Each structure stands twice: as structure tokens, then as C-alpha cells.
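Here is a short report on one protein model. Look over the sequence and the structure, then read on.

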Amino acid sequence: MPHIVIPDDDPPVYQGHPELERLRTLGEVTVYHRRATSPEEFLERLRPADIVLNVRAYSRFSREVLEALPRLRLISVLGTGTDNIDLEAATALGIVVTNTPGASTVSVAELTIALMLAAARHLAWADRTVRAGRWEHRQGSELRGKTLGIIGLGAIGQEVARLARGLGLRVIAWSFTPDPARAAACGAELVDLETLLTQADIVSLHLRASPRSVGLLDRQAIFRLKRGAILINTARGALVDEEALADALEQGHLAAAGLDVFAVEPLPPESRLRRLENVVLSPHMGWVTAEASARLTRLPVDNIAAYLAGQPTCVVNPAALAHPRQRG
């Protein structure tokens, strides 16, 4: 039987979950419920694995790590993001990578809208003041009639567009690969990136981290945003220059931000974002709903079962399937 390792179930997802018992019917399973304290410990956890179920994005599968794992044939990722895996190296080494597209689309889109509303109406600040015994008001803004700029019109971006249209927002969008039919289906108007940055009252990020997207909102782009705009990021922290963002928020160039993702997670104590009252922070919890969690815990196990049955599903790097390692 294959040896299946979950090296990073911290915070716990599979601990005590029925899907863990289903996984045990597919192979010998080892689960670690605390984060590895060093790269060496992480690698030791992985050494016996034929299959890895990757729960957390903090686990980095670099080329060096992958080259040290001659037994490894499959990494089944919980979620859609694979920026923590060197896909080029995985493909060259014949390691198949699968993910779970669509499992958290609705949950992340709904959190995006929640962060928009919270940022526009200063809800985090209001909660803190009431708890502190103060009864104060801070003027917010309505969303209806405003322009939402969506960067990345994949499944989540499209769902955000549909929800935003229901709130009376005009929706404009930009993608690396613009698709007019996709935009029309969700009520978004395709524009170039410069137009989006300068026209949108709210900008929401929905791109995967990739060499093209990392740092897309650099200092120059952030300060091209409309004065008084709101920035929402439920995608990946690496898309944004956080120091430039903090400057724009401190200086009043941006009115507010709603952030669920960060360049370093957990958000370090020294981060300036922690000290800003016009930022709503959440701990990468876009997918943390009962409905999305049920899908997300089931689908990586489904992918492992399909792979072992010789019918791999949701493969991110299909070229790896032709590698000799996969015939071993």
C-alpha cells in the first residue's frame, strides 16, 4: 500500500475528520498536527511518502525538497493555490500535482464582499470602540453606484462580480487572458489595467501567485489607484507591496483595505498593517465555512483515490503523467 503523509495539518483540518478514515482505506497514513520547526524536520516527515496531502501553503515544496524525495509520486493540494510548489521541478521529476478548483469559490467570494462592506463602513473600528466603552461614529460610504475593479476574472472573480452587481455596483475587470464571453456572463466590463486602477472605487484581487502576478500591485500601481479607493485582497499576499500599501493607507491616499492574505502568514507582530485602524484583517479564512470545508476536505482525498485507480483528476501539471516515475 502507498504511504500517504499529511505533513502540515496545523491548524487542524483532518484531525478527527471522517475523510481521514477514508484516506486510511487508500494507504498507510501518517499525519502531523503541528507545524515543522525546521526545513530539516519538514523534509524528514516527507521522506517515506509516496503521496503527500498538502494542507497548508506555508509548506514549501522547493526543487531541493522535491529532489530529496525519490519515492514521491503525487502531491494532492487542499485548495487551488500551488504557488508553494515548484511546479517546473515537480513536472521534470515526474511528481503529479492536483488541486481542488471550485471548492471554495462561493465562500471566498462572499468573504470578499464582507470585507468590502466592513472596510467601507469601518466595522472593525466600530467593534473595537464599542467594546472599549466608547460610542463614536465614523462616516462610511455606500457601495451602490460605486465602481468595483476586479483583477483576475477566474471562478472567484466571476462570483464576486455577480454578487457585486446585486449590490448595485458597476463592475469592471482585467485579466492576463481576457475572455469577453466570461465577462459578459457575470456582468463585468473588460478594461485595461490602467483604466481599472484609475477608475475603480474598490479594487479586488483574484489572481493566483505566479511569476507574472507577484508584485503586480507595486508602489507605483498602488499610488495610481484612485484617491480614497478601497483595496481588497483575498487572493495571495505576494501580489501586493505591503509596505507601499501601508504608506498609502497612512497617508490617506487609500481610504481603507480589507485583507485576508499576507506576504508572510501568520501576519508578523511587527507588520505595520496591524497598527492601522483603516484596515480590516482576517487570518486567511476565505475558505473556512462549513460548506467549503466539507468540499475541500473531501476533494483532495477524491483526487488521491482517482490517481490510485489510474484515472487522475484535477491535475495541475499533466506533463508529469508521462514521466517514467509514474510507471514505477
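Which residue's side chain does a polar contact of 3.5 Å join to that of Thr98? The partner is Ser76. This is a predicted model, and the contact is computed from it.

Thr98 sits in strand S5. Is Thr98 buried or exposed? Thr98 has a relative accessible area of 1%. The cut-off for buried is under 20%, so Thr98 is buried.

## The parallel sheet

Strand S5 belongs to an open sheet of 5 strands. The order is S2-S1-S3-S4-S5, and the pairing is parallel. Strand S2 (28-31) and strand S5 (96-98) stand at the edges. Each has a single partner strand, so one side of each is left without a neighbour in the sheet. From one strand to the next, the twist averages 15 degrees.

Strand S1 covers residues 3-6. S1 and S2 pair in the parallel sense over 4 bridges. His3 has Glu28 in S2 as its bridge partner. Val5 has Thr30 in S2 as its bridge partner.

In a regular strand, side chains alternate between the two faces of the sheet. Strand S2 has one covered face and one uncovered face. Val29 and Val31 make up the covered face. Glu28 and Thr30 make up the uncovered one.

## The second largest pocket

Rolling a probe the size of a water molecule over the atoms shows where empty space is left. The second largest pocket has a volume of about 200 Å³. It is lined by 18 residues. The closest to its centre are Ser141, Asp201, Gly228, Ile230 and Ala255.

Which elements each supply at least two residues of this pocket's lining? They are helix H5 (105-120), strand S10 (229-233) and strand S11 (254-259). By class, the lining of the second largest pocket has 8 nonpolar, 5 polar and 5 charged residues.

## Two cavities

How many cavities of 30 Å³ or more are there? The count comes to 2. The largest cavity holds about 50 Å³ of space. Among the residues that line it are Ala118, Ala119, His122, Trp125 and Glu277. H5, helix H6 (123-131), S11 and strand S12 (279-281) each supply at least two residues of this lining. By class, the lining of the largest cavity has 8 nonpolar, 2 polar and 1 charged residues.

The second largest cavity has a volume of about 40 Å³. Its lining consists of Asn233, Gly237, Val240, Glu242, Leu245, Leu259 and Val261. By class, that lining has 4 nonpolar, 2 polar and 1 charged residues.

## Backbone exceptions

Most residues other than glycine have a negative phi, and most peptide bonds are trans. Several places in this model depart from that pattern. His122 has a positive phi of about 55 degrees. His122 is found in the loop between H5 and H6, and it is also among the residues that line the largest cavity. At 17% relative accessibility, His122 counts as buried, because the cut-off is under 20%.

His284 has a positive phi near 50 degrees. His284 lies in the loop between S12 and helix H12 (290-308). Is His284 buried or partly exposed? With a relative accessible area of 22%, His284 is partly exposed.

Cis peptide bonds also occur. One joins Asp10 and Pro11, with omega about -5 degrees. Pro11 lies in the loop between S1 and helix H1 (18-24). A cis peptide bond also joins Glu265 and Pro266, and omega is about -5 degrees there. Pro266 lies in the loop between S11 and S12.

## An exposed glutamine

Gln220 is found in helix H10 (residues 219-224). Gln220 has a relative accessible area of 57%. Exposed means over 50%, so Gln220 is exposed.

How far apart are the C-alpha atoms of Gln220 and Ser104? They are separated by 32 Å. Along the chain, Gln220 and Ser104 are 116 residues apart.

Methods:
Residues numbered from 1 in each chain as written. Predicted model: local features only at pLDDT ≥ 70, side-chain atom pairs only at ≥ 80, totals over all residues. Heavy atoms only, no water. 1 Å grid on protein atoms, 1.4 Å probe; cavity = no way out; pocket = protein on both sides within 12 Å on 5 of 7 lines; lining within 4 Å. Points joined across faces, edges and corners; volume = space filled by probe spheres on them. Nonpolar A, V, L, I, M, F, W, Y, C, P; charged D, E, K, R; others polar. Pairing = 2+ DSSP bridges. Axes fitted to C-alpha atoms, helices over the stretch in contact; angles between N-to-C directions. Buried < 20%, exposed > 50% of the residue type's maximum accessible area, 1.4 Å probe, protein only. Polar contact = N/O pair within 3.5 Å; in protein donor to acceptor, adjacent residues only side chain to side chain.
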